[in-house]
Amino acid sequence: MQHFINVILPIPLEKLFTYSISKTEFEYLQPGMRVAVPFGKSKIYTALVKEIHSTPPQVYKAKEIHRILDEHPIVNNLQLQHWRWIANYYMCTIGEVFRSALPSAFLLESETLILRNEKGEVTENDLKDDEFLVFEALQHQSMLKVHEVAAIIDRKNVLPILNRLLEKNAILLKDEIYERYKPKMVRYVKLGNAYRSEDKLEALLESLSRAPKQSQVVLTLFQLQATERKPVKISTLASASGSSKAVIKALIDKGILQEYQIQTDRINYEGNTVDFNLKALNKYQQIALDNIRQSFENKKVALLHGVTSSGKTEVYVKLIEECINTDKQALYLLPEIALTTQLISRLQDYFGDKISVYHSKYSVHERVEVWNNVLSKKPKAQIVIGARSALFLPYSNLGLVIVDEEHEGSFKQFDPAPRYHARDAAIVLSNLHKSNIILGSATPSIESYWNSQNGKYGYANIDRRFGDVLMPDIELVNLKEQIRKRRMKGHFSQRLLEEIAETLENGEQVILFQNRRGFAPIVECSTCGHSPQCPNCDVSLTYHKFKEQLRCHYCGHHIALPESCEACGSQTLDTKGFGTEQVEQELKSLFHGAKIGRMDLDTTRGKYAYEKIITAFEQQELDILVGTQMLTKGLDFRNVNLVGIMNADSLLNFPDYRAHERSFQLMTQVAGRAGRTQKRGKVLIQSYNPYHQILKQVSINDYDGMFKEQLYEREQFLYPPICRIIKITFKHKNYNTLNEAADWFAKALRNVFKSGILGPEYPPVARIRNQYLKNVLIKIPIGQSLGKTKNSIKRIENSFNAISQFRSVRVIYNVDHI
């Protein structure tokens with residue numbers, strides 16, 4: 001009887017692939033284990049076993065697997081169900097979900113090596129020029145890699161040449177698989193077995209009297225073993241004894257000391273595992289907690305709507321404590337890596353070493369270790385804190401999911417597929433595990449608040465700040481008026497400068513928010529009006545003063561700042577607009593003594609960069625922190641008394657149906673960083689239009705007013721939550737082909753759906769990385785079946801791909817586009 005497995009390959013394939021296995025492999029393999037399988041002509045991929053069966057494939061002959069990579073499953077059945085839901089809902093393939101869910105170290109890649117065939121007899125005259133070049137290179141080298149062959153013959157496609165050489169028996173091909181995860185081994189040292197008895201030890205110390213350094217090392221080893229009562233690392237022994245590793249090596253070579261290795265995790269919690277008593281909740285928090293528990297009992301998603309600094313984290317901590325007391329796992333999702341740094345130190349005070357952290361700033365090896373700890377249900381991975389990728393860890397006993405700052409756009413993945421929303425995927429994950437889930441925010445998304453108003457979600461509210469601290473005093477500054485009265489210094493109004501000076505005098509800190517990095521978004525020649533554009537994208541280059549260069553924020557293209565205008569040659573280059581770098585520079589010239597920091601994508605590229613800036617600001621080493629939207633996300637600084645928003649109009653005038661909702665959320669969140677302890681904070685918002693409805697709502701913290709107004713508008717124009725949205729993006733390097741393809745697709749959609757199709761239309765930036773873009777928006781009313789709609793779209797795509805000229809056009813689906 002033949003045995004087969006269906007596997008998921010980490011490539012965008014609609015169907016599972018079938019491979020044949022032997023009887024012993026059939027008995028050994030389980031779903032969720034990895035196998036290396038041949039695919040295509042010369043590639044070996046890491047695949048995941050989905051099903052084991054005995055039905056041969058109808059269309060092709062099943063190949064045999066290459067080898068088995070695991071001793072036990074690394075993915076469980078609930079994960080596979082979750083992946084299947086993500087693939088179906090977000091209109092991508094399960095292979096793409098597999099690729100993004102697993103740490104890349106689990107996905108072994110193969111490298112094809114080209115070797116000389118020693119047994120083959122080759123006449124050099126029979127070889128063509130390019131074949132001879134490869135053959136000659138193999139006379140000097142034992143093996144070549146594919147990219148090296150491509151470099152030798154100066155051609156990208158080398159397969160035809162390799163095939164010809166194979167036919168002539170000149171070469172052999174060999175597939176090497178590289179395992180990319182290596183466990184971290186730490187070197188430890190102990191006294192050799194021969195010297196354990198006291199008399200031997202005495203003789204040893206006497207014999208070492210002529211070698212004082214070696215004698216010192218042995219004595220230090222005794223001291224460390226007596227005081228620490230745990231294995232001694234070689235590095236610790238070297239620093240404690242003040243000697244070099246060469247001295248320790250000499251003792252190991254003599255057999256006096258014995259070296260051994262222990263596998264350790266790359267991330268360990270270092271600190272006192274003092275059991276902090278949890279803070280007692282105030283009555284508002286307690287009422288909210290009771291409402292949340294009520295929602296859990298009714299098997300509902302709970303929405304916690306608590307104003308900034310109302311102590312939502314304390315409520316979460318109580319829920320986490322209840323969860324881990326029942327021996328279940330808890331997942332705490334955050335939108336921004338910057339937030340994890342502050343939260344980890346807080347939660348470690350309560351829960352010690354029961355916490356693991358998982359996000360993309362960690363190395364591949366560190367992520368594999370967290371994965372393995374969660375898989376084997378180790379105590380150190382009982383609570384997982386992470387950004388959206390933490391959803392995919394192999395939980396088997398999940399009791400609680402917390403999605404903090406649930407309104408954040410960062411929870412949505414944009415590229416590559418799967419383009420999932422972590423909040424919605426987390427709700428499905430909690431359903432699969434039958435666990436509780438809570439969404440928290442000071443400014444909930446309109447969809448979540450609408451669901452709570454309709455009774456789909458439970459609702460809990462905390463409308464007072466912790467310790468009855470007053471909400472910050474928000475003042476709107478009219479820039480038109482300030483410019484008319486000549487009261488501006490650079491981009492600062494006189495009012496904002498007065499407040500900054502007063503705050504610094506009182507020894508308090510300031511946060512300034514400007515949602516654009518770099519120095520200035522446009523460099524313009526004031527003689528002819530020319531401004532340098534990116535050659536690959538339809539966007540102007542942003543000026544970065546620190547590196548004296550112009551950069552494209554879409555494709556990374558950069559050039560040195562030109563001395564003169566490229567069009568007319570005059571030296572009159574001027575900048576338009578301003579970013580965080582310019583705000584920082586102006587502050588340095590206005591406040592000479594103040595220590596100023598900047599937090600944006602440019603200053604937080606390193607692994608610990610977030611931590612350094614946040615810690616420096618917390619410990620009051622910085623007086624003013626300038627930053628982009630990273631600053632808005634739930635950070636808690638005790639000494640900040642003033643928050644300044646440099647220009648509110650750039651947020652409000654964005655061409656998007658969510659612009660007003662996002663502006664309200666961003667400004668309320670930034671304002672919430674001010675005055676979080678005893679004293680009432682102050683917020684200044686600079687705008688050319690201070691009478692704007694949203695700015696008024698922010699200044700009096702009127703969330704309900706904003707919600708009603710936005711909901712009314714969306715009902716009028718049919719946008720979520722009144723309907724669902726699927727955005728289809730078409731990409732191609734040829735402008736005309738793209739237009740024809742997008743028009744054909746939109747026409748086919750209109751034939752099927754009759755109404756609710758917008759476009760095709762160019763986005764604000766219509767070309768990125770030399771690819772032209774066009775969007776079509778599909779609005780799906782609430783009563784219409786989502787599954788049937790997606791199937792109709794897929795059928796249209798199949799017809800679309802059958803047209804040869806459109807085959808090269810990339811079609812990208814973004815379900816629930818935000």
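## Overall size and make-up

With 818 residues, a compact globule would have a radius of gyration near 28 Å, and the protein chain agrees with that at 31 Å. (That radius is taken over C-alpha atoms, and the globule rule is 2.2 Å times the number of residues to the power 0.38.) Keep in mind that this is a predicted model: local features need pLDDT of at least 70, side-chain atom pairs count only at pLDDT 80 or more, and totals for chains, interfaces and linings use all residues. Residues are numbered from 1 along each chain as its sequence is written, and side-chain values use heavy atoms, with hydrogens and water left out.

The C-alpha trace spans about 85 × 80 × 70 Å along the principal axes of the protein chain. You'll find 26 helices and 37 strands in the chain; these are DSSP runs (helices: H or I, at least four residues; strands: E, at least two), numbered from the N terminus. Buried residues make up 52% of the 818, where buried means under 20% relative accessible area, exposed over 50%, and partly exposed in between (1.4 Å probe, protein chains only). Among the contacts with a separation of 6 or more, 74% come from residues 24 or more positions apart, a contact being heavy atoms within 4.5 Å.

## A look at helix 11

Helix 11 covers residues 283-297 and reaches 21 Å from its first C-alpha to its last, close to the 21 Å expected at 1.5 Å a residue. (The expected span is 1.5 Å times one less than the number of residues.) Its buried residues are Gln 285, Ala 288, Leu 289, Ile 292, Ser 295 and Phe 296. They cover an arc of only 115° around the axis, which puts them on the same side of helix 11; the arc is that of the directions from the helix axis to the C-beta atoms. An α-helix has 3.6 residues a turn, so residues three or four places apart point the same way.

What do those buried residues of helix 11 pack against? Their partners are strands 13, 17, 18 and 19, along with helix 12. On the face turned away from the buried side sit the exposed residues Lys 283 and Glu 297.

## Salt bridges

The structure holds 34 salt bridges, each one a side-chain nitrogen of Lys or Arg within 4 Å of a carboxyl oxygen of Asp or Glu. In one of them, Glu 406 meets Arg 423 at 3.0 Å, N to O. Glu 406 lies in the loop between strand 17 and helix 15, and Arg 423 in helix 15, so the pair ties together parts that are 17 residues apart in sequence. Glu 406 and Arg 423 are both buried.

Another joins Lys 576 and Glu 524, with the closest N and O atoms 3.0 Å apart. This pair links distant parts of the chain, strand 28 and strand 24, 52 residues apart. Lys 576 counts as partly exposed at 39% relative accessibility, and Glu 524 does too at 23%. There's also a network of salt bridges linking Asp 473, Glu 475, Arg 495, Glu 498, Glu 499 and Lys 682.

Most residues other than glycine have a negative phi, and most peptide bonds are trans. Lys 299, in the loop between helix 11 and strand 13, has a positive phi near 60° and is exposed, with a relative accessible area of 74%. Asn 169 also has a phi near 60°, but this residue is partly exposed at 44%.

As for peptide bonds, the one from Pro 720 to Pro 721 is cis, with omega near 10°. The bond from Gly 759 to Pro 760 is cis with omega near 10° as well, and Pro 760 is in strand 34.
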